[in-house]
Amino acid sequence: MRDRGLLSLLQVLSVTSAAAVTVHLCGDSTMAKGGGGSGSGTEGWGEYLQYSLSADYTVHNAAIGGRSARSFTREGRFTEVAGVVKSGDWVVIEFGHNDGGSLTPTDNGRTDCSGDGDETCTTTYNGVTETVLTYPAYYKNAAQLMLDKGAKVILSSPTPNNVCETGTCSWSESRFDTYASLAASQLGGTAKGVYHVPHGAYAAQVMINLGATTVNANYPKDHTHTGPYMADVMAGAFALGLKCGTSELGSAGIKNTTESLTSASFGPCISYNSSVPI
């Protein structure tokens, strides 16, 4: 009888575990555990997302510092994440801080090919010839890996650098904000299970609302990497972006109400036209 009881318990636990939804995070140091490195006093926002999610969701933070969409691809990290993704999971992809720059005269292994489509560049990195794709192409290829596993995907724009660094808070959209939205649209958008979160815009909005004194005090290393307080704020900004969108992760996964988020420093939902798959 005791053996049968133990078997029943294991069966229940197995069903419960199988039913849990995992939110997988793919990104750079602004999302990763430890942020900008050991001893820097920084933390990535991915470490705080769990606190905005209901108990039915768990976070797998696979972000790695110093990576771009290109290097994350070349190192096989998207493939590794796809290997543990199960049907019904969500995958958040957010890069941009390391994707800029030039392939010449020296390729750093992270810079993407310029353009918003199927353009390619040929380069040599670490003695190996490499065909480099554009940022939207890397986003779309990674998203398709996850879609093929039955997951749904959030293609997020990167958090901005400290918008209050000069003492006056201001922000303008970068090309990566546009590229992330474009990639989501080109994959078929919400009808195909691909969503966009304009994380950059929501992060800038809350920083402007908090003001330069608070924001500058919580970038302990440089203008890119947040301290724990601002990492938590960035996670909240992402949660608001989800809550203001149309995904099930936003409506059912985020436990904060829209009213509670928008009544705080995070600010209101940001309006976008119908072509943006939020």
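Residues are numbered from 1 along each chain as its sequence is written, and side-chain values use heavy atoms, with hydrogens and water left out. Because the model is predicted, local features need pLDDT of at least 70 and side-chain atom pairs count only at pLDDT 80 or more, while totals for chains, interfaces and linings use all residues.

**View 1. Helix α4 packs against helix α5.**
Helix α4 covers residues 135–147, and helix α5 covers residues 175–186. (Helices are DSSP runs of H or I with at least four residues, strands are runs of E with at least two, and both are numbered from the N terminus.) The two axes lie 9 Å apart, at an angle of about 40 degrees. (Axes are lines fitted to C-alpha atoms, for helices over the stretch in contact, and angles run from 0 to 180 degrees between N-to-C directions.) That angle makes α4 oblique to α5. (Under 35 degrees counts as roughly parallel, over 145 as roughly antiparallel, 65 to 115 as roughly perpendicular, and the rest as oblique.) The crossing of α4 and α5 is right-handed. (A crossing is right-handed if the near helix is turned clockwise from the far one by less than a right angle, and left-handed if anticlockwise.) On the α4 side, the contact uses Tyr-135, Pro-136, Tyr-139 and Lys-140. On the α5 side, Phe-176, Tyr-179, Ala-180, Ala-183 and Gln-186 take part. (Contact means heavy atoms within 4.5 Å.) By class, the contact of α4 with α5 has 7 nonpolar residues, 1 polar and 1 charged. (Ala, Val, Leu, Ile, Met, Phe, Trp, Tyr, Cys and Pro count as nonpolar; Asp, Glu, Lys and Arg as charged; the others, Gly among them, as polar.)

**View 2. Helix α3 passes helix α4 in a right-handed crossing.**
Helix α3 spans residues 77–84. Its axis comes within 9 Å of the α4 axis, and the two cross at roughly 15 degrees. α3 and α4 are therefore roughly parallel to each other. From α3, the contact takes in Phe-78, Thr-79, Val-81 and Ala-82. From α4 come Ala-142, Leu-145 and Met-146. The contact of α3 with α4 counts 6 nonpolar residues, 1 polar and no charged ones.

**View 3. A disulfide joins Cys-113 and Cys-121.**
The structure holds 3 disulfides. (A disulfide is a pair of cysteine sulfur atoms within 2.5 Å.) Counting bonded cysteines along the chain, the pattern is 1-2, 3-4, 5-6. In this pair, the sulfur atoms of Cys-113 and Cys-121 are 2.1 Å apart. The link is right-handed, with 60 degrees about the S-S bond. Cys-113 counts as buried at 5% relative accessibility, whereas Cys-121 is partly exposed at 23%. (Buried means under 20% relative accessible area, exposed over 50%, and partly exposed in between, with a 1.4 Å probe and protein chains only.)

**View 4. Cys-164 is bonded to Cys-169.**
Their S to S distance is 2.1 Å. The link of Cys-164 and Cys-169 is right-handed, with 110 degrees about the S-S bond. Cys-164 is buried, with a relative accessible area of 0%. Cys-169 is partly exposed, at 21%.

**View 5. Cys-169 sits in the loop between β6 and α5.**
Strand β6 covers residues 152–156. Leaving aside neighbours within four places in sequence, Cys-169 is in contact with Val-163, Cys-164, Met-207, Ile-208, Gly-211 and Ala-212. Cys-169 and Gln-205 are 36 residues apart in sequence. In space, their C-alpha atoms are 9.6 Å apart.

**View 6. A left-handed disulfide joins Cys-244 and Cys-269.**
The sulfur atoms of Cys-244 and Cys-269 are 1.9 Å apart. The torsion about their S-S bond is about -75 degrees, so the disulfide is left-handed. The pair links distant parts of the chain, 25 residues apart. Cys-244 lies in the loop between α8 (228–243) and α9 (248–253). Cys-269 lies in the segment after α10 (258–262). At 34% relative accessibility, Cys-269 is partly exposed.

**View 7. Ser-181 lies in helix α5.**
Ser-181 is buried, with a relative accessible area of 13%. Not counting residues up to four places away in sequence, Ser-181 touches His-196, Val-276 and Pro-277.
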